[in-house]
Amino acid sequence: MAHLLVIDDQDTFLDFLGRTLEIMGFRVKTAHGGEEGIEILQSGYDFDLVITDILMSHVDGIAVAEYIRHSDKAGIPIVGITGNTGMANHKLFNSILIKPFRVKELLAVIKSLIEDP
């Protein structure tokens with residue numbers, strides 16, 4: 001069972017996404033914002049994939065992705081989610097989904113990036 005970290009600063013969306021992914025069979029840890037996401041990554045959790053909102057207040061998803069890419073966890077696939085189509089080709093992310101997206105689109109991306117969904 002794949003272990004996912006989901007990061008977003010909008011509690012309602014974070015809770016929805018976390019619960020939905022758990023129902024689909026994933027182990028999910030959620031973080032309320034980029035700062036908490038980085039703290040969780042630093043605390044030694046081992047994740048198969050990180051899903052992060054890109055545009056968040058304080059510490060954004062780009063800072064989270066930069067942290068991951070410059071850490072010993074650099075190989076973790078990162079899925080960025082955003083409502084800003086201008087972010088669609090950012091190089092730090094393995095994949096970017098533009099809001100609104102369907103859950104089946106997210107599931108397809110996850111399956112394409114990890115072998116044990």
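In this predicted model, Phe 16, Leu 17, Thr 20 and Leu 21 of helix H1 touch Val 103, Leu 106 and Ile 110 of helix H4, where contact means heavy atoms within 4.5 Å. Sorted by class, that H1–H4 contact has six nonpolar residues, one polar and no charged ones. Here Val, Leu, Ile and Phe are among the residues counted as nonpolar, Asp, Glu, Lys and Arg are charged, and the others are polar.

A quick note on the ground rules: numbering runs from 1 along each chain as its sequence is written, and side-chain values use heavy atoms, with hydrogens and water left out. Local features need pLDDT of at least 70 and side-chain atom pairs count only at pLDDT 80 or more, while totals for chains, interfaces and linings use all residues.

**Helix packing**
- The H1–H4 crossing is right-handed, that is, the near helix is turned clockwise from the far one by less than a right angle.

**Aromatic pairs**
- There are two aromatic pairs, counting rings of Phe, Tyr and Trp (its six-membered ring) with centres within 6.5 Å; planes under 30 degrees apart are stacked, over 60 edge-to-face and the rest tilted.
- Phe 13 and Phe 101 are edge-to-face, because their ring planes sit at 90°, with centres 6.3 Å apart.
- Phe 13 is in H1 and Phe 101 is in the loop between strand E5 (95-98) and H4, so this pair ties together parts 88 residues apart in sequence.
- Phe 13 and Phe 101 are both buried (under 20% relative accessible area; exposed is over 50%, partly exposed in between, with a 1.4 Å probe and protein chains only).
- Tyr 45 and Phe 47 are stacked, since their planes are at 25° and their centres 5.8 Å apart.
- Tyr 45 is partly exposed at 35%, whereas Phe 47 is buried at 4%.

**Charge over a ring**
- Lys 99 lies over the face of Phe 13, 4.8 Å from the ring centre (NZ of Lys or CZ of Arg within 6 Å of the centre and within 35 degrees of the ring normal).

**Leu 97**
- Leu 97 sits in strand E5 and is buried, at 8% relative accessibility.
- Beyond neighbours within four places in sequence, Leu 97 has contacts including Val 79, Ile 81, Leu 106 and Val 109.

Note on methods: Helices (H or I, at least four residues) and strands (E, at least two) are DSSP runs, numbered from the N terminus.
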